[in-house]
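Dear colleague,

I am passing on the structure we spoke about, with the sequence alongside.

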Number of protein chains: 2
Amino acid sequence: MSEEFKDRERGQGPAAGSERTGAVEEERQDERVLDPGNLDAEHHALEIEFREYLDRGATEELRNLALELSPGDLSEVLRPLSVEDTTAVLKLLPPDDLAEVLSEIDNRSLSVLFALLDVDEIADLVEEMPSDDAADVIGELDEEQAAEVLAAMEEEERSEVAELLQYAPETAGGLMGKEYTTCTEEETVAEAAARLRALDVSDLEETHFVYVVDRRGRLTGRVPLIRLVISEPEVQVRDLMETDPLYVEVDLDQEEVASFAQRHDLISVPVVDHQMRLVGRITVDDVLDVMEEEATEDISRLAGVSVGEFGEQSAFRVARSRVPWLFGAMVAELGTATVLGHFEASLEARVTLVIYIPMIMAMAGNIGIQTSSVVVRGLATGEIDFYHVGRHLLREMGTAVLVGMAIALAIAGVSLLFSGDPSISLVLGLTMLLVVLFAATTGTGMPLLLHRLGADPAVATGPFITTANDMVSMAIYGGLATWMLKLGAVH
Amino acid sequence: MSEEFKDRERGQGPAAGSERTGAVEEERQDERVLDPGNLDAEHHALEIEFREYLDRGATEELRNLALELSPGDLSEVLRPLSVEDTTAVLKLLPPDDLAEVLSEIDNRSLSVLFALLDVDEIADLVEEMPSDDAADVIGELDEEQAAEVLAAMEEEERSEVAELLQYAPETAGGLMGKEYTTCTEEETVAEAAARLRALDVSDLEETHFVYVVDRRGRLTGRVPLIRLVISEPEVQVRDLMETDPLYVEVDLDQEEVASFAQRHDLISVPVVDHQMRLVGRITVDDVLDVMEEEATEDISRLAGVSVGEFGEQSAFRVARSRVPWLFGAMVAELGTATVLGHFEASLEARVTLVIYIPMIMAMAGNIGIQTSSVVVRGLATGEIDFYHVGRHLLREMGTAVLVGMAIALAIAGVSLLFSGDPSISLVLGLTMLLVVLFAATTGTGMPLLLHRLGADPAVATGPFITTANDMVSMAIYGGLATWMLKLGAVH
C-alpha cells in the first residue's frame, strides 16, 4: 500500500490531522487505515486506543478517532466495549455521522443512548437515517416512545417510516427502503436526470437505477444509471429502459428475497404491492445481512442454541436459554434408559456388551448429524426442493446401505480383535447395519417431512433425531443381543 | 400481479408468443413468469414441460422455453435433469444467451457440453462471458484443452483471462473481473461519459462506478455514476469524485473479501496490487456466492460431510466420502470401549448404572455441539475474534457452571423417581456436573485453540470433540461409580 494513499483519511481533510502533533502520533494515525487481511489486530489496536482515551476522558481524541473510521469499522471496534463506553463515544459524534453508525450498533447500546437523548434529538437522528434503518430502530422502541418519536419527526420522513412499520420485519416490506427515484416512459433523459438532482445528498450513494412506472404507479421498467450517462438528453426513457424488471412482492419472506437476489445477481430489488405498484426497493447490503442471519439461524437450530445468544455476554442469560432445551433432551433420554432397562438381564449376563454401547450411539449420532445437516443445508440453498425429495431420499438410502455394510464389517472385525468373541462381533455387525439404516432414514426423512409440513427443518435435527436414534439403536442392540443370547449364540 | 404485466416476457417480443397457439398454451405461458413466493412449484412445472419437449424432440419449443427464462432460473430448472438432457437444451441456445447461462451450470454438464463443441466454438462462448466467469470455466478444463481454448480466443479477452488465471481461486484475484472503467482526476464529466460509451454493451449492466487512477494506474478515487448524471459536462472528475475509496488487495482471502464488502455495504469492490495499482473489481453477486459457499462449508465441517456431496447424485461417491470419517470416529470410540472395559466389574455388580450411559453421553454430546457451534459461527461472523477469546471462554465457563448445576440437580431428581435409588442419583448428579464442565471446556476451547493455530475451527468439532467427550464422560461415570461402590454408597 503506498504511503501517499495511507495518509489520506476517510472524510477527514488535513484539519483533523493537524490537531495532533509529533512523529509518534503521525505514525499511529497511519496505522488506522484498516487492513482487511489483518483485521482482528487492527480492531484490537483501535479498541486499546479507545479505552485509553475513555480512561483519560480525552473527549477530543475520542471524537477524532471515531470520525476517522467508517461506520462499519467503528461499530466493530466498539462492540467489545461496555454499553456505557459505547454510548460515551457515540454521544460525541455529530448527528449525521451518528445516524450512519446507529443502524450497525446493537440494540442494548441503542436503548441506553436513546435514554440519554430527548424525543426531539432522537427524531432528528432518525430523520438522518435511511428509511429502512429508521423503521428498524423505531420498531425496537417501546410503543409509547415510538409514537412520541414519530410525532416529533418531519412529515415526509414520518410518513415513510410509519408506512414501513406496517410490514412484518422478516418480509420484503420489512427490508425495503423508500429512497428510490421513479420516472415515466414518456419522460426524457434530461427530465430523469432532473429528478435525480432533486434527491437529498444522503440518498445519492445508494441510487443505481431509476424505476419506470405508469400513471397508476405500477412498475413497468428500470433504467440503469449508465444508460442515462451515455444517452443524449432528449432521448425518451421508453427507448432506453429495460422492460420486465425483476421484482418481489411486498409480503415475500426475506429468505426468499435473498435467494431471489442471489439467483438473479441483483444489486437492488424493486418491491411492489399486489396491484403491482412500486412501494419500495431493497438494497443488496440488506440481502447480505439476511443471508448471514439465516445461516446463523440454521447452524443455531442444528446445534440447539438460540440465535439471541450470539453477542450476549451474560452467562446467566445464555444458561437460561439453553437449559430448557437440555432438560427436554434429558427427559427424552429417559426413554432410552427405559429401553435399556428391558435388557438388564442380558447385559448383566454378558457385561462385555455394555462397553460397545458408546460406539453404537456415537455412530448413530454421526450418521444422524451428517444426513440431517445435508438436508437442512440443501433445502436452504435450493439444492433440494419439494419436488425432488424422493431423489434425495433415494440417494441417502443407497448411501446408507453402502455405509452400513462397510461400518458393520469394520466393527465386526475390530471387535473381534478387541474382545476376541465372534458371537459379540456378529451382534455388533448386525446392530450397526440396522442402526445406520435407521439413523439415515430419520436423519433424511424427518427434516424433509417437516419441510413438507411447512415447518423449519432445522429445529427437528438436534433434539428429535438424536433421541430417536439413541432409543432405537439401544432397542436394536438389546433386542438382537437378547435374541442371540436365547439362541445360545452370545452366551 | 397484473395480467398486463404477466403477458410480457423477459427478452422476448410478441414474436415468441405468436409461435404458440390456443388458449391452453396462452395460459401456460402466463405461468412462466416465475413467482418467487412459489418457486419450487414453478420450477417443477417448467421441469415437466422441458422433459415433455425433450421426449418429443420438440427443438423449437425447447429453445423458446429456455429463452423465456432468466439465466438464473434456467440453470435452476435444468439442475434436476440429466447431464445429457441439460446439454441437449443448452446446445439449442444462441452463443450470447448460452454464455450467460454457462457460469451458473454445474461442472459436469459443462464438460459434457464442451466435449460436443470444437475449440473455436468454446473460445467464442468464453469470449462472451464476463472475464471472471470465463477464467473460472477455463480453470476447470484440463491443461491441454485450456491452452487450446486460450490460443483460439481473441487477443483482448485472452490476455484478461490469462491474467486472472494466475490468481488463486479463493482470493480477491480469483473473484475479480476486468470489466471496469477508469478515468483520471483531470478529465471532465463529458470525457468520463465518452469512456463509458466505448464499453461493450454486455459490460454495461454491471457498471456502477468509474474508478479514478493516477498516471501510474494507482487507485485514487471513485465516481458513482449518479454524480456523472447530475453534474455539468465540463466539471472535472477531481471535483466530484469520492477520495479514499475502500479497496482490497489482490491476495486477500475470499472470506475476508466477503466480510469486508458486507461490513461496508459495498456493491463493487476495487482490487489493487501491492503497488496500489487497480487490477480488477469484484461485484457483489460474487460476494453473495462466497457467503453461501462459506456457510455451507462450516455446516459441512460441523456435521462431518464434504462440501462436494452437495448436488452429488451418486450414492456410491457420497458413501466413499463419508466412510473414512466414520471409520475414524469408530476407531476413536474403541478408546471409550476400553475405558468402560476398566469398569466392567462395577457395571456387572450394579447393572442399573448401565441404563444411564446413553443419557450421560447424549448430554455430553449436546453440550459439545452447542458450545462448539457457537464458537465456529461466532468466529465466522466476527462476533468472536482473536483478542476476545478469553471473554468468550469466561462466558461459556460461567454458563457451564449454571447449566451443570441445573442438569445435575434435575438428573439426580429424575433418576430418584425413576430407579428409586439415592446412591445412583448421587453418582449421576456428580457425573453430570463434571461432564457438563468438561464438554463445555473442550467444546469452546478446542475450536478457539485451532483458530489461534491458524486451522479451521469447524473441522475439530465433529470427530474430535465428540470422541473426547464420550471417553472422558465414561471415565468420570465409571470412576465415580467404582469409587462410591468401594465406599459402600452404591452397593
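Predicted model: local features only at pLDDT ≥ 70, side-chain atom pairs only at ≥ 80, totals over all residues.

The contact between the chains involves 117 residues of chain A and 117 residues of chain B. On the side of chain A that touches chain B, the largest share comes from helix α20 (residues 315–342) of chain A, which supplies 16 residues. Sorted by class, that side of chain A consists of 63 nonpolar, 28 polar and 26 charged residues.

Chain A can be superposed on chain B, with an RMSD of 0.1 Å, by a rotation of 180 degrees and 0.0 Å of shift along its axis, and that is the relation of a two-fold axis. Both copies use the same surface, in that 100% of the contact residues of chain A recur in chain B.

**A sheet in chain A**

Chain A has an open sheet of 4 strands, in the order β1-β2-β3-β4 and with mixed pairing. Its edge strands are β1 (182–183) and β4 (242–243) of chain A, each of which pairs on one side only.

**A sheet in chain B, with its helices**

In chain B you will find an open sheet of 3 strands, ordered β5-β6-β7, whose pairing is also described as mixed. Here β5 (248–249) and β7 (278–283) of chain B are the edge strands, each pairing on one side only. Strand β6 (residues 268–272) of chain B runs antiparallel to β7(B) and is joined to it by 5 bridges, and within this pairing V271(B) has G280(B) of β7(B) as its bridge partner.

**Two helix pairs**

In chain A, helix α7 (residues 83–90) and helix α9 (residues 107–116) pack at an angle of about 55 degrees, with their axes 9 Å apart, which makes α7(A) oblique to α9(A). Their crossing is right-handed. From α7(A) the contact takes V83(A), T86(A), T87(A) and L90(A), while α9(A) contributes R108(A), S109(A), V112(A), L113(A) and L116(A); by class these are 5 nonpolar, 3 polar and 1 charged residues.

In chain B, helix α10 (residues 119–128) and helix α12 (residues 143–152) pack at about 70 degrees, with their axes 8 Å apart, so α10(B) is roughly perpendicular to α12(B). The crossing of α10(B) and α12(B) is right-handed. The residues that make the contact are V119(B), D120(B), I122(B), A123(B) and V126(B) of α10(B), together with E148(B), V149(B) and A152(B) of α12(B), and they divide into 6 nonpolar, no polar and 2 charged.

With best wishes

Notes
Residues numbered from 1 in each chain as written. Chains lettered and ligands numbered in written order. Axes fitted to C-alpha atoms, helices over the stretch in contact; angles between N-to-C directions. Parallel < 35°, antiparallel > 145°, perpendicular 65-115°, else oblique. Left-handed = near helix turned anticlockwise from the far one by under 90°. Contact = placed C-beta atoms within 7 Å. Nonpolar A, V, L, I, M, F, W, Y, C, P; charged D, E, K, R; others polar. Pairing = 2+ DSSP bridges. Least-squares fit on C-alpha atoms with pLDDT ≥ 70 in both.
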